Amino acid sequence: MQAFATLYLVILPLVLAAALIEGIWQSRTRAEAYDWKSWACSIADLAGRRLLAFIPYTLAAPWLDWMYEYRLFTQSLDSVWSVALLFVGLEFFYYWFHRASHTVRWFWSSHSVHHSPNQFNFAAAYRLGWIGRFTGTSFFFAPLVLLGFTPQTVLTALFLNLLYQFWIHADWIPRLGWLEYVLNTPSAHRVHHARNPEYLDANFGGVLIVFDRLFGTYVAEREAVKCDFGLVSPVVSSHNPLVLNFGPWIGLAKDLASAKSMREAWMYLFGPPGWRADGAGLTTTEIRRAHAVPAE
């Protein structure tokens, strides 16, 4: 883990510098004002996440170490096939983790922090929230441990996957031709962050976009439909990291308290974000129906 910590300390200043340079450039060249309050909010979110890192609970949780003791195989990164398995396997499980983070309210309550900026830029890339590590996300990556990769290896691979995604948080990089068929690109990720009814719940891949194409969640960016970034509700995002991180969980707790049956409680926890017992919610299906957008 020492190597991972060193890598993080080397990469972090570069990421912060890139976001700052982008902000200065855009504030001087664009008619729309760069949202420096949002930039500061992302910095505060990052600082809070680093403080929480001192809590001894990570993706490499003790139960994953226990699972590793009962692994089916032992993988060596000296093997090309093991590296390929790690890469493709991580992409596959990341896809399902990311998809669940948008379609299951329990996971969305923490992931929504990442989608809260109303501008799409490098600073949004490292606004990842504080609570995700406590919601059971390691469940999605546990199969890689059973296949023989150490929890530390999986954690490092996930960090590199997220590092790749830093550069695709840009509204100024154009479509990249044939690469759009294989990789998660800035264009594909703009769609993912857009709240337009046409673009909701799409493009969940990490480095690759192939699983979105395979499972029917790929949506291409369209010139006629400009991406509108941010949360569906509230439309104007707060700049307070405490509100962003804890507000969704407070709302979830209130809904659970109002549940009149076990089914309602289950749906509030694990149903789609926006689900309401009275049917007057804002789920993706309901939003598309209201805007006459065909279901994917």
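Predicted model: local features only at pLDDT ≥ 70, side-chain atom pairs only at ≥ 80, totals over all residues.

Residues are numbered from 1 along each chain as its sequence is written, and side-chain values use heavy atoms, with hydrogens and water left out.

**Stop 1: H3 and H7**

Select residues 62-69 for helix H3 and residues 138-146 for helix H7. (Helices are DSSP runs of H or I with at least four residues, numbered from the N terminus.) Two packed helices are described by the angle between their axes and the distance between the axes. Here H3 and H7 pack at about 25 degrees, with their axes 9 Å apart. That angle makes H3 roughly parallel to H7. (Axes are lines fitted to C-alpha atoms, for helices over the stretch in contact, and angles run from 0 to 180 degrees between N-to-C directions; under 35 degrees counts as roughly parallel, over 145 as roughly antiparallel, 65 to 115 as roughly perpendicular and the rest as oblique.)

Now show the side chains. H3 brings Trp63, Leu64, Met67 and Tyr68 to the contact, while H7 brings Ser138, Phe139, Ala142, Val145 and Leu146. (Contact means heavy atoms within 4.5 Å.) Sorted by class, the contact of H3 with H7 has eight nonpolar residues, one polar and no charged. (Ala, Val, Leu, Ile, Met, Phe, Trp, Tyr, Cys and Pro count as nonpolar, Asp, Glu, Lys and Arg as charged, and the others, Gly among them, as polar.)

**Stop 2: H7 and H8**

Which residues meet here? Phe141, Leu144 and Val145 in H7 meet Pro151, Val154 and Leu158 in H8. The contact of H7 with H8 divides into six nonpolar, no polar and no charged residues.

**Stop 3: the cores**

The largest nonpolar core has 20 residues, and those with the most contacts inside it are Leu90, Phe140, Phe141, Leu144, Val145 and Val154. (A nonpolar core is a set of buried Ala, Val, Leu, Ile, Met, Phe, Trp, Tyr and Cys residues joined through side-chain atoms within 4.5 Å; buried means under 20% relative accessible area, exposed over 50%, and partly exposed in between, with a 1.4 Å probe and protein chains only.) H3, H4 (80-103), H7 and H8 (151-164) each supply at least two residues of this core, and H4 gives the most, with six.

Click on Val145: leaving out residues up to four places away in sequence, Val145 touches Leu64, Met67, Tyr68, Arg71, Pro151 and Val154. Apart from this core lies another, of 14 residues, including Leu46, Phe122, Ala123 and Ala170.

**Stop 4**

Pick Glu22 in helix H1 (residues 2-29). Is Glu22 buried or exposed? Glu22 is buried, at 3% relative accessible area. Beyond its neighbours within four places in sequence, Glu22 is in contact with Asn121, Phe122, Ala123, His169, Ala170 and Trp172.

Next, find His102 in helix H4. His102 is buried too, with a relative accessible area of 7%. Not counting residues up to four places away in sequence, the residues His102 touches include His111, His115, His192 and Asp201.

**Last stop: around H12**

Finish at Ser261, in the loop between H11 and H12. Ser261 is partly exposed, at 34%.
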